[in-house]
Amino acid sequence: MGTYIPNTEKEQEKMLEAAGYKDFEDLFSCIPEGLIYKKELNLPEGKSEMQVLCEMEGLAEKNKVMRHVFRGAGAYNHYIPAIVKSVVSKEEFITAYTPYQAEISQGILQSIFEYQTDICELTGMDVANASVYDAGTAAAEAVNMCRDRKHSGCLVSEAVLPQVSGVIKTYCFAGDTPYQTIPLKDGVTDTEELEQLLSENSGTACVYIQNPNYFGLFEDVEKIAQITHEHGAKLVVGVNPISLGIVKTPGESGADIAVGDGQPLGLPLGFGGPYIGFMACRKELMRNLPGRIVGQTEDSEGQKAFVLTLQAREQHIRREKAGSNICSNEALCALTAGVYLAAVGADGLEKTALHCMSKAAYLKNALEKIGFSPVFDRPFFHEFVTECPADASLISAEMEQRGYLTGLPIDNNRLLWCATEKNTKDEIDGMITVLKEVLAK
Amino acid sequence: MKLIFEKGNEGRGLQLLPDLDVPEVEIAEGMKRSKKPALAKVSETEISRHYTELANRSYGVNNGFYPLGSCTMKYNPKVNDLAAGLKGLTDIHPLQSEETTQGSLAVIKELSDALCEINGMDAFTLQPAAGAHGEFTGLLLIKAYLHEKGETGRTKIIVPDSAHGTNPASASMCGFEVINVPSGSDGCVDTQALREAVGDDTAGLMLTNPNTVGLFDKNIKEITDIIHDAGGLCYYDGANLNAIMGICRPGDMGFDVIHVNLHKTFSTPHGGGGPGSGPVGCKEFLAPFLPGHVVEEKDSMYSLVRPSRSVGDVKVFHGNFLVAVRALSYILTLGKDGIKKTSQAAVLNANYMRVMLKDTFDMAYDETCMHEFVMDLSRMKEETGCSALDFAKGLLDYGIHPPTMYFPLIVHEALMAEPTETETRETLDEAVRIFSELAKKAKENPESLHAAPQGTPIGRPDEVAAARNPIVRFMAD
Amino acid sequence: MRDERDLRYSKTHEWVDMSDDNTAYIGIDDFAQSEMGDIVFINLPDVGDTVEAGEVFGDVESVKAVSDLISPVSGKVIEVNEELIDNPGLINEEPYEAWMIKVEDAQEADGLMDRAEMDSFIENEK
């Protein structure tokens with residue numbers, strides 16, 4: 001019923017005639033007869049716009065929107081400023097292709113250049129690319145960046161979001177890159193074990209850690225950087241961009257590459273995507289950085305101009321010798337992050353980070369009082385792990401029915417909690433009350 | 001135009017958050033960043049105007065004709081955006097329980113099923129985030145399958161020289177060696193060269209069909225048979241699927257694994273470079289290797305199931321879900337009829353334009369094309385000095401986005417045009433008029449094309465300077 | 001000034017300036033630089049690396065292309081022209097002055113040509 005073909009059947013007939021074809025069958029006669037699909041596709045009839053929207057609303061209603069979110073683990077429920085949605089709904093941004101024609105794409109190119117600047121500022125690095133798909137692919141691409149003739153293999157901390165280490169592992173299987181994990185001590189990367197592993201595996205290309213780590217704890221990035229570099233390997237640190245409003249940057253701590261997910265910067269939870277993987281590195285590694293990079297130059301009149309640059313790194317030129325195959329990225333999400341950071345500014349980002357930390361600390365204390373004892377006693381950002389007085393999954397399920405998304409069950413009796421600036425004191429207190437009722441059942 | 005960092009002033013900003021309502025926690029001094037990031041210091045008014053100015057210096061499908069070959073720049077229906085903006089879809093945490101995410105799981109299931117049907121495949125994963133990511137995933141399935149069969153000696157992937165650069169790059173990322181096979185003079189796979197290239201080290205073949213010159217490779221069944229007989233698998237790059245939906249199916253052509261681009265064929269917007277989505281489909285024997293989780297239905301309940309011999313995850317969570325929502329909304333709108341009509345109209349628009357232009361321009365292959373056609377401007381360059389690049393830049397002054405330039409590599413001075421089905425006959429006629437006018441201009445006043453564009457926000461940028469001395473971020477003085 | 005008539009050439013357009021002590025300077029010829037267009041980046045081996053005749057020892061990039069550098073000699077790299085790394089445009093300006101690597105104990109690959117042979121090779125290649 002509905003199509004987006006403007007030409008009527010009559011008009012199409014005239015066009016066929018003008019182009020020298022009898023009908024559509026004639027037009028497609030270059031396809032061998034035996035391959036023509038003679039049946040009707042087993043799909044429903046087309047629908048009107050009103051029906052489609054109604055059906056999509058029906059699907060949306062089968063989901064339950066959680067009013068109270070205390071879960072993070074890679075997807076964070078932050079406040080999205082109104083201006084963000086307004087800006088990123090502009091059609092010129094949404095419907096444009098990759099800005100290869102620079103003369104008519106200065107707007108998108110500049111937005112990416114601004115985003116690259118933001119990411120460099122947040123991470124304390126020299127260069128950032130125009131984005132990759134998400135935190136996992138950013139981490140995996142960063143690991144690939146570190147390989148050279150003399151170095152291969154990566155060591156990945158066990159305190160990394162499992163989905164991220166999973167993606168690294170998959171990419172390592174693909175590229176025949178050795179993959180090993182680094183054990184933990186008190187919830188953080190065990191530096192003695194790291195030393196040991198690096199000594200045993202000479203020629204290790206990189207070490208990957210996350211800070212704050214999967215359990216919300218701060219890692220000793222400086223020490224890990226020092227150990228890593230002593231063994232000739234590079235350090236890749238996965239970071240949470242909100243935390244960088246206050247936390248020491250990977251650049252300051254001696255990391256070589258910083259990556260992470262920009263989802264907290266204005267992107268909705270969206271059942272997992274689209275999110276945005278950001279990547280930044282020291283300038284010595286610039287040519288190893290995958291994906292698009294926007295550079296500043298001048299036009300023939302000497303006006304400031306932006307272009308996609310260093311393209312000879314990329315697949316469309318280097319083909320099988322390219323370091324990565326990435327082509328499409330998450331440009332619109334980069335724009336979103338750029339608008340978000342413009343809206344909050346450095347002060348707002350610091351405030352957001354402090355709110356996250358403070359609410360998480362308050363939540364942790366409140367939980368402890370009703371029997372959820374913290375597993376680790378170390379500084380943390382906005383996530384932390386508690387033991388549970390009852391089965392973790394059971395608590396989670398019961399609370400979900402009541403509109404509360406609790407911490408994530410990471411095993412039978414532990415929950416990984418998260419609080420953000422969106423969680424108010426009243427909401428936390430209310431959650432504690434409901435939690436007590438559930439436990440009393 | 002100023003950068004956002006050059007606007008505003010110290011102390012400006014938005015009031016977004018209330019005061020803290022719990023005791024403030026201090027971060028330990030040693031863990032604190034030494035100075036604040038130099039982000040923008042602007043008011044909401046300034047943000048709004050800044051991005052409006054940027055939007056005015058951008059060009060999307062809403063601005064005008066966008067016949068960018070191999071990119072399928074069709075209209076992006078608004079109802080899809082409405083659907084993808086529904087709170088019940090945007091505000092769902094990816095780690096909520098299956099009970100509270102039945103709607104999201106239904107979206108994944110319904111879209112996967114529809115893609116199976118359209119492509120003649122048995123299973124799909126929506127985890128890959130883009131076409132190249134899909135290629136990587138598909139090749140990984142091949143690698144895992146061969147490894148499980150103990151055929152680790154199959155290390156070579158065959159790629160035609162007309163392929164997208166992502167094909168060989170993806171093969172390399174998966175640890176395969178790339179064997180390039182030349183195309184025949186008809187732009188299709190040279191089956192003799194292919195027979196010579198295959199052997200017991202062949203892992204597979206990557207192919208686009210319709211191919212990258214816009215032709216349907218008539219020998220496709222023979223080609224996939226050659227690969228299968230040699231013990232390899234066939235990978236279908238779905239970049240050009242928009243030409244054949246409802247007309248023929250990659251699965252019936254002999255392909256074992258395939259990716260489709262939701263941001264091309266299924267009308268989801270390109271977003272200035274992304275996010276896209278590159279679902280991967282496969283035949284049943286490869287389904288156990290799919291990454292991530294697939295959705296299964298039992299007693300009207302959907303659940304997420306990890307395939308038994310999954311290659312793992314290629315992306316965190318469930319892929320670019322909100323892009324998948326748009327694609328499903330599109331498929332529901334079109335239905336079985338509309339899908340076929342869409343491909344018919346896409347091929348008609350391309351051939352109509354090709355025929356209208358063929359007296360003025362040399363066509364690289366002068367025969368019925370599929371959804372796109374390639375013009376060869378070598379003769380124009382020789383006669384007038386105006387290259388494909390000059391011609392493309394000339395189009396900018398007429399408000400048309402140029403066709404894809406210098407691709408495929410096997411055609412010199414190539415311009416590849418893909419009008420798509422969502423353009424009116426009047427738009428095509430007008431474009432034909434402008435193309436012809438520019439051809440005339442090339443003859444009469446080539447200098448004007450060398451100097452083009454004139455009416456755009458900037459003239460041709462100095463790309464050499466940009467690459468020699470990369471300035472890739474703003475630095476305050 | 002290096003006289004292009006004194007150099008030896010490979011089919012892939014690298015030149016060799018071989019001295020009596022078997023130390024060789026290596027660069028690319030005028031034809032190669034003009035085919036590439038403005039060179040924006042050059043990737044060279046490290047001092048101490050060995051190069052093999054007929055094998056890739058680096059690459060040069062223009063804005064829209066990348067080309068492998070194929071070594072016309074075997075030997076050990078004793079010097080790398082750092083000036084080219086900072087200013088790759090020199091390769092376009094003076095291809096025969098813009099040496100890339102200096103190799104000691106250099107063994108020439110088979111089939112290198114002198115200038116006259118190279119000129120007719122280029123003529124046939126067109």
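A salt bridge is counted here when a side-chain nitrogen of Lys or Arg lies within 4 Å of a carboxyl oxygen of Asp or Glu. In this predicted model, that rule finds 11 salt bridges across the interface of chain B and chain A. One of them joins the side chains of B:Lys78 and A:Glu91, with an N to O distance of 2.8 Å.

**The interface**

Polar contacts between chain B and chain A, with both residues at pLDDT 80 or more, amount to 91 residue pairs. On the side of chain B that touches chain A, helix H10 (residues 321–357) of chain B gives the most, with 28 residues. The classes of residue on that side are listed below.

| Class, side of chain B touching chain A | Count |
|---|---|
| Nonpolar | 104 residues |
| Polar | 56 residues |

The contact draws 180 residues from chain A and 197 residues from chain B. Together the two chains bury about 16,100 Å², and carbon and sulfur atoms account for 64% of this area. Within chain B, the residues that lose the most area to chain A are B:Arg33, B:Met173 and B:Lys336, which together make up 5% of what that side buries.

**Helix H5 of chain B**

Helix H5 of chain B covers residues 131–148, a run of 18 residues. Just after H5(B), B:Gly150 adopts a positive phi of about 80°.

Key:
Residues numbered from 1 in each chain as written. Chains lettered and ligands numbered in written order. Predicted model: local features only at pLDDT ≥ 70, side-chain atom pairs only at ≥ 80, totals over all residues. Heavy atoms only, no water. Contact = heavy atoms within 4.5 Å. Buried area = accessible area lost by both parts, 1.4 Å probe. Polar contact = N/O pair within 3.5 Å; in protein donor to acceptor, adjacent residues only side chain to side chain. Helix = DSSP H or I, 4+ residues; strand = E, 2+ residues; numbered from the N terminus. Nonpolar A, V, L, I, M, F, W, Y, C, P; charged D, E, K, R; others polar. Expected span 1.5 Å × (residues − 1).
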